[in-house]
Amino acid sequence: MDKINNVTVYCGSSVGASDIYQQQAIALASELVNRKITLVYGGGRVGIMNVLANSVLEQGGQVVGVMPNLLVEREISHTGLSEIHIVGTMHERKQKMIDLADGFIALPGGFGTLEEFSEVFTWGQIGLHTKPCGLLNVNNYWAPLVAMIEKMADEKFLQEKYRHMAIIEDKAANLLDRFLHYTAPSVKTYDDL
Ligand code: AMP
């Protein structure tokens, strides 16, 4: 990939227990703005999501939010974004967030983040997209998931070609550099059935 124009970031609707999560969200925001990459995210004004979006906006960058009606009605959508897509369901939202991006990053977060990352990884395996998926391993937060990926591959529930499909870095700059050199593994086959 010569240039990354849009990155979807999945991240917590909470701020986490340590300031490091907010600090590293701000560091990611700076990297995106410096590289003129538009942030695509869940569109909320809570948690790490809010910190990330505000930081990109404050630094003069572009932010696209994708919100389902359900959450807009609860008035937790960010009202100052460059662009917002309002969609009907959570499923449409995730589809849109995948379609809009050239790559995906999960910052620390809870089940919402884990679910979004798992889905985008799974879709990569079956060839629905060929875009890079990264875990920004702030504070080694994703270590248990990284261990789970290894376990899945060791126990042959994850095909070997996907063992290293997720790009794992603790610095946003390194993650985005590796996105540029990403080549998707071949589409999943079921030869062993
Ligand atoms: P969680 O990691 O459980 O805090 O959920 C955060 C992720 O799920 C984000 O990447 C969002 O796309 C989505 N999400 C969950 N709750 C919200 C919310 N209140 N506003 C916007 N997005 C949310």
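## Where the ligand sits

The ligand is found in the largest pocket; sitting there means that more than half of its atoms lie within 2 Å of the pocket's grid points. A pocket here is an open set of points on a 1 Å grid over the protein atoms alone, where a 1.4 Å probe fits and protein lies on both sides within 12 Å along at least five of seven lines; lining residues have an atom within 4 Å of a point. Keep in mind that this is a predicted model, where local features need pLDDT of at least 70, side-chain atom pairs count only at pLDDT 80 or more, and totals for chains, interfaces and linings use all residues. Residues are numbered from 1 along each chain as its sequence is written, and side-chain values use heavy atoms, with hydrogens and water left out.

## The pocket itself

The largest pocket holds about 320 Å³ of space. Its lining counts 22 residues, and Ser-13, Met-49, Arg-93, Gly-112 and Glu-116 come closest to the centre. Strand S1 (6-10), helix H4 (90-100) and H5 each give two or more residues to that lining, with H5 providing the largest share, 5 residues.

## Around the ligand

Look around the ligand and you'll find 18 residues, the closest being Ser-13, Arg-93, Gly-110, Thr-113 and Glu-116; the cut-off is a heavy atom within 4 Å. Helix H5 (residues 111-125) gives the largest share of this shell too, at 4 residues.

Now for the polar contacts (N or O pairs within 3.5 Å). A polar side-chain atom of Ser-13 is 2.6 Å from a ligand oxygen, while a polar backbone atom of Gly-112 lies 2.8 Å from an oxygen of the ligand.

Technical notes. Polar contact = N/O pair within 3.5 Å; in protein donor to acceptor, adjacent residues only side chain to side chain. Points joined across faces, edges and corners; volume = space filled by probe spheres on them.
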